[in-house]
Amino acid sequence: MHKTTLLITLLLMLLLSGATYAAASGNSEKESEQATEKDSDTGLSYSINRTAMSVHFGLLTTQAFSELYAGPHQFVNAEMVALSLSRELFSVGDLFNVRQLRPLKFEIEGTTALHWGTWHSDHVFVEFAASFNIRWHQFPWNKYVLTTAGFGEGVSFATEKPSYETEINNMTSQWLNFLMFDMTFALPDYPNWALQLRLHHRSGIFGLINNISGGANFFTAGLKYTFD
């Protein structure tokens, strides 16, 4: 795909992300009225559903998903930079009236990623991903470092078949399953800004999608901003 077309596509997604945030933030006043109980360490109310935006950069590792825990990792010349916009939907504890589960929240998230590199062959393309996420917000050390851990499951579409996925798995598809695992870390004095470490994963779910059994894994790092 021509680079100019890719840039135009990316700009359109940025505009759509901004419109989504504007619509979501319209409910913030109503939600703030519902916020009564706050976490003793973070000072945050889990009854407030917030919007967040993150930018993260990553490198491809050639190791399979089942081998990611082992090292060292072999990173290759395939890179990505992504913009993600997420919105909290509800607290599980509020939904089921279980106070201990209030730090567990459901989210929706959309991601636009620009991929480029020369491993296996030159490639430049855009990936769009959408997922439902769950995120845990309460850790014993939150008074020192505000920490969250998240998991997301969804769908990924690439504007062209990634050549590096063919090299890793012998075959690929534009449509694949999307998974993410991440953690965020913020200082208590600056709770809106967080360091984000994430695993960005595309795969065929053990052959369920187009008989593709493998996947591609990017380790990414970036910044996440949560709107009040």
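Modeller: A polar contact is a pair of N or O atoms within 3.5 Å; within protein, one atom must be able to donate a hydrogen and the other to accept it, and residues adjacent in sequence count only if both atoms belong to side chains. The model discussed here is predicted: local features need pLDDT of at least 70, side-chain atom pairs count only at pLDDT 80 or more, and totals for chains, interfaces and linings use all residues. Residues are numbered from 1 along each chain as its sequence is written, and side-chain values use heavy atoms, with hydrogens and water left out.

Colleague: What makes the link between the side chains of Thr118 and Asn77 a polar contact?

Modeller: The distance given for the side chains of Thr118 and Asn77 is 2.4 Å. The limit is 3.5 Å, and therefore the pair qualifies. Thr118 lies in the loop between strand S3 (104-117) and strand S4 (123-136); strands are DSSP runs of E with at least two residues, helices are runs of H or I with at least four, and both are numbered from the N terminus.

Colleague: Which residues does Thr118 contact, leaving aside its neighbours within four places in sequence?

Modeller: They are Asn77 and His123, where contact means heavy atoms within 4.5 Å. The C-alpha atoms of Thr118 and Val76 are 8.8 Å apart, although 42 residues separate them along the chain.

Colleague: Is Thr118 buried, partly exposed or exposed, and why?

Modeller: Buried means under 20% relative accessible area, exposed means over 50%, and partly exposed lies in between, with a 1.4 Å probe and protein chains only. Thr118 has 46%, so it is partly exposed.

Colleague: Why is Arg202 called buried?

Modeller: Its relative accessibility is 3%, which is under 20%, and Arg202 is therefore buried. Arg202 belongs to strand S7, and its side chain makes a polar contact of 2.9 Å with that of Ser156.

Colleague: How do you know that S6 and strand S7 pair?

Modeller: Two strands pair if DSSP finds at least two bridges between them. S6 and S7 (residues 193-203) have 9 bridges in the antiparallel sense, and therefore they meet the condition. Leu179 stands opposite His201 in S7, and a hairpin through 6 residues joins the two strands. Strand S5 (residues 146-158) also pairs with S6 (residues 175-186) in the antiparallel sense, over 12 bridges; there, Ala149 has Met183 as its bridge partner.

Colleague: What makes a group of residues a nonpolar patch?

Modeller: Patch residues have over 30% relative accessible area and no salt bridge; nonpolar side chains (Val, Leu, Ile, Met, Phe, Trp, Tyr) are joined within 5 Å, and like charges within 9 Å. A salt bridge is a side-chain nitrogen of Lys or Arg within 4 Å of a carboxyl oxygen of Asp or Glu. Leu89, Phe90, Leu95, Phe96, Ile108 and Phe132 form such a patch, with about 590 Å² of accessible area together; areas come from the Shrake-Rupley method with a 1.4 Å probe, and for residues only the protein chains shown count as cover. Strand S2 (75-91) and helix H3 (92-96) are the elements that give two or more residues to the patch.
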